[in-house]
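Biologist: I have a new model open and would like to understand the words used to describe it. Could you take me through a few of them?

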Amino acid sequence: MGANYSKIRRCVRRARKLVIKSTTLAGSGHPGGSLSMAEIVGTIIFSHMRHDPSRPLWEDRDRLVLSKGHAAPGLYSNLAVAGYFEESEISTLRKFGSRLQGHPDWKCPGVEFCGGSLGIGLSFSIGVALGARMDSHDTHTYTVIGDGESDEGQVWEAAMTAAKYGVDNLTVVMDRNFIQQDSYTEHVMPLDGGSVGTDVSKSRSDKSLWRTGDKWRAFGWNVLEIDGHKIEQLSDAIRRSKAAHGVPTIIIARTIKGNGVEHMADNPAWHGKAPDPSIAPLVSDELESQAMIAPSIIAGDMTDLAGEIRRCEEGGADYVHLDVMDGRFVPATTFGAAKIAELRPLTLLPFDAHLMINDPLDHLAEYVDAGADIITVHAEVCDESSFGEIHDSLHSSGVGAGLAINPATELPEWAMRFAGTLDQVIVMSVEPGKSGQKYIESSHEKTRSVCERLTKGGFGGDVEVDGGVTPGNVGACFEDGARIFVGGGAIMGQPDTRRAVDAFAASITRARRTRLLVRAGRLGGGELASKWISLHKNEQTRDELTKLAEGAGVL
Ligand code: ZN
């Protein structure tokens, strides 16, 4: 059983922080491409690959080949989080005698391929996959290639070979970040067929310009095209790839180089440059500050929930928040597991099921079977023993476990015993039972104290605020320490979901930037804040950051 969605996300976040730590200490390395492929490698390792970190050479293991070997920190960091070696070893990156060299080497446990020269990993992988077939081994090979490395002719020789031999025990993922060593791929050697011309600004966002998949189709491959930062899309594509028989599959995963760090994102300068040690704590803090927006569909049209799911997708939501009410825990009734099962095939978006029901243990299996990705139950109807059973049962089913508290409930002491493994805590900021209520102001203080207690207890999950959250107060909720925000009337009650989600995101971005500027001020005064602002390539962003810094008294 692979890790649940929340856990994969958490492992990827941890791995990204290790990329920054290792390259900063080394003073060199390739953070940009390591960050762009973080979800790709994390989803493979933590959810799909058959492997055992304590037995790296186990014969029946699946193989992960990193062909774009310069992104080694992105591989090492995920291997460390998976337990192939101690995370502290990451500090030896690129040091003389270390197992963690600038390009992957077999002496590092978990490394299958010495990926120094680009363009070779796919050929190597075909050999591994064909070897497994000849030996009747039921193993799968995952290969991550870069878009820049696809300038190499050998990639296309390998593409022909895999198609000829129908190599279907191989899944290739292209980290399509649109940037190679010196510039944008569409400037250096256009993969999208030169249709973009000299202006590459639209090449990432305008779907009509993409031709890379056509090339692979012409070579006889099964081609899947996805957003490579969405774990749910990666997981679905990997499953579909393994279901395709007699044909090799490539997943073209569109990513953003340097993703997760605003000044590194989509910036060719960060292909092969280490962060400055004075900036690294800010980068680490930024990676820890990733937020998610979770519209609650009960705030929309209850007679057309399928339509509301579509609106979540079109609006760019991260989660679908499902408020289940049983008419007993709260007077209202919404829907139950049968409705969730009916909605499940309509989207890949993770289902965040919030069970406002009595006796959650008795009904848990129904919600697991319905396809919820994370299930949150209320502390008011649990004790340590029943919650322990719920927590363990969910995790053994590959589902995230959450605990919710009403406005009048304090986080119980027993909850702290689960802090290290709990995926989510929901702080209700309205009385549960109906949508459209106003945020209870004292919830700010409560969220802060819950976050503080959980952090002290080793909590690695996310605090979600649920009720009355709007673009006007979501920034303050972010400052409190919450990282997932349920949007009821302020998102699903609005005619334009995209606009509403964007308004939430803009407020969160402003709050995150302010938080980082204040941190910069504390660490190194206005000088460090100015240095950090100057790293942002976009002039408008620099202006906005300067205004925020002035407003916060940092400059
Ligand atoms: Zn809820």
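Predicted model: local features only at pLDDT ≥ 70, side-chain atom pairs only at ≥ 80, totals over all residues.

Biologist: Which residues coordinate the zinc ion?

Modeller: His321 (NE2), Asp323 (OD), His354 (ND1) and Asp466 (OD) do, at 1.9 to 2.2 Å. Donors are N, O and S atoms within 2.8 Å of the metal (3.2 Å for Na, K and Ca); water is not among the atoms, so sites may look incomplete.

Biologist: Why is the arrangement around the zinc ion called irregular?

Modeller: The four donor atoms subtend angles of 91 to 157 degrees, which makes the arrangement irregular. Four donors count as tetrahedral if all angles lie between 85 and 135 degrees; four count as square planar and six as octahedral if opposite donors are over 155 degrees apart and all others between 65 and 115; anything else is irregular.

Biologist: What spacing do the donors of the zinc ion follow along the chain?

Modeller: The pattern is H-x1-D-x30-H-x111-D. Asp323 lies in strand 7 and Asp466 in strand 12, so this pair ties together parts that are 143 residues apart in sequence. Helices (H or I, at least four residues) and strands (E, at least two) are DSSP runs, numbered from the N terminus.

Biologist: What makes helix 3 oblique to helix 9?

Modeller: Their axes come within 10 Å and cross at roughly 60 degrees, which makes helix 3 oblique to helix 9. Axes are lines fitted to C-alpha atoms, for helices over the stretch in contact, and angles run from 0 to 180 degrees between N-to-C directions. Angles under 35 degrees count as roughly parallel, over 145 as roughly antiparallel, 65 to 115 as roughly perpendicular and the rest as oblique.

Biologist: Why is helix 17 called roughly perpendicular to helix 18?

Modeller: Here the axes come within 9 Å and cross at roughly 85 degrees, so helix 17 is roughly perpendicular to helix 18.

Biologist: And how do you know how helix 10 is oriented to helix 17?

Modeller: Those axes come within 10 Å and cross at roughly 175 degrees, which makes helix 10 roughly antiparallel to helix 17. The residues of this contact divide into seven nonpolar, no polar and five charged. Contact means heavy atoms within 4.5 Å; Ala, Val, Leu, Ile, Met, Phe, Trp, Tyr, Cys and Pro count as nonpolar, Asp, Glu, Lys and Arg as charged, and the others, Gly among them, as polar.

Note on methods. Residues numbered from 1 in each chain as written. Heavy atoms only, no water.
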